[in-house]
Amino acid sequence: MTTLDVTIMGQPYRLACKEGEELALKQAVAYLDERMNTIRDAGKIKGTDRIAVMAALGIAADFLASRNASGPFSAMSLSEVREKITSMNAILDTALAPQEKLF
């Protein structure tokens, strides 16, 4: 496992990932940071947790739209998509566990 220090919406996080997955994690962090900053800057939603939920919903909607079109997930079955999401959740839980101990 490798750890990366990243910043999302000005908040530092130390995340763990598997060797060789650092670039993908950095790209995901950059994408999430951009989405959350856009929502925050619009000024309609206050609170980091609410901004995170709105960003997650937007990303989920984009994912589902791309799956229904000819996006990268269109060839996957629903069970494969669920399996991939479960795997991603496990990776995120592992990565965020050290942060949760600080609070």
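**Notebook: core and surface**

I looked up the largest nonpolar core first: among its 13 residues, Leu15, Leu25, Val29 and Met36 touch the most other members. A nonpolar core here is a set of buried Ala, Val, Leu, Ile, Met, Phe, Trp, Tyr and Cys residues joined through side-chain atoms within 4.5 Å. Buried means under 20% relative accessible area, exposed over 50%, partly exposed in between (1.4 Å probe, protein chains only). Strand 1 (2-8), strand 2 (11-17), helix 1 (22-42) and helix 2 each supply at least two core residues. Helix 1 gives the most, with four residues.

The model is predicted: local features need pLDDT of at least 70, side-chain atom pairs count only at pLDDT 80 or more, and totals for chains, interfaces and linings use all residues. Residues are numbered from 1 along each chain as its sequence is written, and side-chain values use heavy atoms, with hydrogens and water left out.

Next I read the element order from the N terminus: β-β-α-α-α. Helices (H or I, at least four residues) and strands (E, at least two) are DSSP runs, numbered from the N terminus.

I then checked leucine 15. Beyond its neighbours within four places in sequence, leucine 15 is in contact (heavy atoms within 4.5 Å) with residues including Thr2, Val6, Leu25, Val29 and Leu96.

Last, I looked at leucine 57, in helix 2 (residues 48-68). Leucine 57 is exposed, at a relative accessible area of 52%. In soluble globular proteins, nonpolar side chains tend to be buried together.
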